[in-house]
Each structure stands twice: as structure tokens, then as C-alpha cells.
Amino acid sequence: MSSAIVELVRKRWRAWLRAVHRDIGYLAVGFTFIYALSGIAINHIKDWDPNFTSTERTIQIAPLTDELSDADAVARVTAAAELGKPDDVYRAGDELRLHFADGAQVTAIGGDVVVQTRSPRFFLRVANWLHYNRGKRAWTYVADLYACLLLYLATSGLFMIKGRLGLRWRGTLLVGIGIAAPVTYVVLSGGPGG
């Protein structure tokens, strides 16, 4: 009886491998979207702010003069900016800078008021927060589990197809290219110390 079970397992192992690979693949889809989109956003962080959308507008007001008290200058600029009470104020002559807790900044020089605001990009901000994994011990275990699922998917995928289209020929070539790409880049770029 045990030889019959062994024979059955030997014949059916690829079917089981495909079934488990499929189910883990479905499970990994949500994680993959989050990490892939966040990874693309983080890779281009020098080109744009993936966490916030920034806006800037300029308003004209009556010029701020040296004779105007600090309180009156702040009141005039905050009324024009329509952002509420600032958290930090700096004034030097006809220049006034206001900073707000949400990251907004207002700069007034003379009669020109520049209002800079930002609003969060909901999905990317949350995805980047998860991707960076700063100070979230519970998410570390979830991310580690996802990494293990990816390792299983990569490894099981090697053995799913038999013959020339499998690991014996085509698979070996593609795996070699997949390994060679990062190794070649590290060698040519000089790596972390280069």
C-alpha cells in the first residue's frame, strides 16, 4: 500500500504544486500591487513627492509695512490665505512666513502672498508607509510572510513545467538572465561602495 501511495504522489506532485502555487499566487496579488506600485513611486522620489500633491497660489494684498504690528500683519495674511491659525510665525520687516501643522506654508513679501499647501495621496501614502515598514512591528511579520510566499512562488514556478519549456532549457536560460541582471549591474556600478 505504501508503494502505491508513493507512486500516486510521484505522479501527482506537479498537480499539487500547481494547485498550491495558484492559491498562494492569488493570496499574494494584493500584497504585490501594494509593494510594486509603492516601489515604483519610491524609486522616483527625486522626481516627485509620492505621498503628497502640492499646490501653490499667489494672492495680492495691501503691502506689509514696517509700521504694521506683527499681530496685524499675521491677521492680514491669514485672512487672505484662509488656512486658519498658524503654528509658527516669523517676521522681518515686510516679510512674513507662516507655518501650519498640516505642512502648509505662507510667505508674504510686501503685498505678494504665496500659499503652498499639500494634500495626501491616499493610496500611495498608505502603500509607502507599509513599504518602508518604520516602527510597525506587527507589519514586519506580515511582510516577512509575504516574502516567504514570494520565495515559494519563485521556487515552485521552476518545477511546474516539464521538458524544453521547463527548467531544463528555457527555464534555465531565463533564470540565468534573471540572476545575471542584478549581478551585472552591481559589478558595473561598483555596488554600494561605488
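Which residues form a nonpolar patch on the surface? They are Ile5, Val9, Trp13, Leu158, Phe159, Val175, Ile179, Val183, Val187 and Leu188, with about 920 Å² of accessible area together (Shrake-Rupley, 1.4 Å probe). Patch members have over 30% relative accessible area and no salt bridge, with nonpolar side chains joined within 5 Å. (A salt bridge puts a Lys or Arg side-chain nitrogen within 4 Å of an Asp or Glu carboxyl oxygen.)

This is a predicted model, where local features need pLDDT of at least 70 and side-chain atom pairs 80 or more, while totals for chains, interfaces and linings use all residues. Numbering starts from 1 along each chain, and side-chain values use heavy atoms, without hydrogens or water.

H5 (167-189) gives the patch its largest share, five residues; Trp13 sits in H1. Helices here are DSSP runs of H or I, at least four residues.

H1 (residues 2-43) also packs against H3 (residues 122-132) at about 95 degrees, axes 9 Å apart, with axes fitted to C-alpha atoms over the stretch in contact. That makes the two roughly perpendicular (65 to 115 degrees).

Technical notes:
Axes are lines fitted to C-alpha atoms, for helices over the stretch in contact, and angles run from 0 to 180 degrees between N-to-C directions. Angles under 35 degrees count as roughly parallel, over 145 as roughly antiparallel, 65 to 115 as roughly perpendicular and the rest as oblique. Patches are made of residues with over 30% relative accessible area and no salt bridge: like charges are joined within 9 Å, nonpolar side chains (Val, Leu, Ile, Met, Phe, Trp, Tyr) within 5 Å.
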